[in-house]
Amino acid sequence: MNILLLGGSGFIGRHLAARLRACGHQVQTPSHRELDLRALDERAARALLHGQDAVVNAVGIMSRDTDALEAVHHHAPAQLAAWARAAGVTRWLQISALGADAWHPVAFLGSKGRGDEAVRAQLPTDTVRPSVVYGRGGKSCELFIRLARLPLLALPDGGRQQLQPVHINDIADGIAALLATPSRHAIVNMTGARVLTLAAYLNTLRRTLHGKTAARVLPLPSPLLAPLLPLTNYISDGMVSAATLRLLAEGSCADNRAFAALLDRPPLAPEHFAAAD
């Protein structure tokens with residue numbers, strides 16, 4: 001299959017490109033210079049879409065700029081899907097995010113949800129929605145790994161937020177399996193084998209990666225944290241903000257039976273992540 005992989009230089013995209021090529025697919029991964037989703041060049045986009053059987057959209061950004069989120073997650077995929085349909089592309093696979101919804105008040109998930117709806121209106125589309133992703137090189141994962149080194153963890157709400165982390169290899173395997181079958185117009189939640197709290201996840205990483213005993217966890221009161229969030233939002237470009245803390249509080253968990261069926265096995269549990277690197 002000829003596949004145009006958008007975001008192929010990103011964290012998920014790099015792993016996915018390697019997996020799809022190992023399956024025998026011809027995978028084209030245009031650079032940001034060749035295809036900029038913040039400023040689409042129609043001629044360049046149509047040239048890239050010519051002769052492709054499928055498009056996989058692995059582009060995702062964290063940003064404090066809501067207009068950038070809307071452009072990259074919603075408007076650009078909608079336009080590309082329309083051009084893809086005109087070029088004879090027969091399917092689209094959208095890598096979204098767990099909890100994405102067009103009406104979600106957090107701009108990241110709202111823009112993702114609007115993009116999901118827009119591409120489904122144009123082409124047969126399968127949508128995968130990963131939870132928190134474990135994989136070396138991923139920005140959020142590396143942040144968690146650095147935090148896990150600390151003997152004392154001061155966490156919002158004492159780290160009681162619920163997560164269902166998923167390994168990057170499972171995501172790549174699941175997407176490859178999905179592309180090996182005709183489009184199902186499916187929405188697949190990609191979550192790991194076990195639900196655990198943020199504090200428990202950090203301590204799992206601490207034990208399995210760093211070989212250390214559990215860290216002491218202290219609750220970080222919201223009134224102390226709130227005045228710092230505008231600054232952390234600016235410094236981290238949206239990675240640590242009031243919006244991301246809200247997403248943590250909402251949790252990142254979902255039924256993974258459809259995902260396990262795709263994999264033909266259970267997804268990995270966090271205690272096995274380090275051994276799978």
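Colleague: How many salt bridges does a search of the whole structure find?

Modeller: The search finds 12 salt bridges, each a side-chain nitrogen of Lys or Arg within 4 Å of a carboxyl oxygen of Asp or Glu. This is a predicted model, in which local features need pLDDT of at least 70 and side-chain atom pairs count only at pLDDT 80 or more, while totals for chains, interfaces and linings use all residues. Residues are numbered from 1 along each chain as its sequence is written, and side-chain values use heavy atoms, with hydrogens and water left out.

Colleague: What makes R46 and E42 a salt bridge?

Modeller: The closest N and O atoms of R46 and E42 are 2.8 Å apart, so the pair meets the 4 Å limit. R46 and E42 are four residues apart in helix α2 (residues 42–49), so about one helical turn separates them. Helices here are DSSP runs of H or I with at least four residues, strands are runs of E with at least two, and both are numbered from the N terminus.

Colleague: Why is R46 called partly exposed?

Modeller: R46 has a relative accessible area of 36%. Buried means under 20%, exposed over 50%, and partly exposed in between (1.4 Å probe, protein chains only). E42, with 38%, is therefore partly exposed as well.

Colleague: Is R160 buried or exposed?

Modeller: R160 is exposed, because its relative accessible area is 55%. Its salt-bridge partner is D157, with the closest N and O atoms 2.6 Å apart. D157 is partly exposed, at 40%.

Colleague: Which parts of the chain does the pair R194 and E271 link?

Modeller: The side chains of R194 and E271 meet in a salt bridge of 2.9 Å, N to O. The pair links distant parts of the chain: R194 is in the loop between β10 (187–190) and β11 (196–197), and E271 is in the loop between α11 (257–263) and α12 (273–276), 77 residues apart. R194 is partly exposed at 34%, and E271 is partly exposed at 29%. Elsewhere, salt bridges that share partners join R19, D170, D173 and R265 into one network.

Colleague: How do you know that N57 is buried?

Modeller: N57 has 3% relative accessibility, so it counts as buried. N57 lies in strand β3. Not counting residues up to four places away in sequence, N57 touches L6, P77, W92, L93, Q94 and I95; contact means heavy atoms within 4.5 Å.

Colleague: Which strands pair with β3?

Modeller: Strand β1 (residues 2–6) pairs with β3 in the parallel sense over four bridges, where pairing needs at least two bridges found by DSSP. L5 stands opposite V56 in β3. Strand β4 (residues 91–95) also pairs with β3 in the parallel sense over four bridges, with R91 as the bridge partner of A54.

Colleague: Why are α3 and α4 described as they are, by angle?

Modeller: The axes of α3 and helix α4 (residues 107–120) cross at roughly 10 degrees and come within 8 Å. Axes are lines fitted to C-alpha atoms, for helices over the stretch in contact, with angles from 0 to 180 degrees between N-to-C directions. Angles under 35 degrees count as roughly parallel, over 145 as roughly antiparallel, 65 to 115 as roughly perpendicular and the rest as oblique. Therefore α3 and α4 are roughly parallel to each other. Among the contact residues are H73 and P77 of α3 and S111 and K112 of α4.
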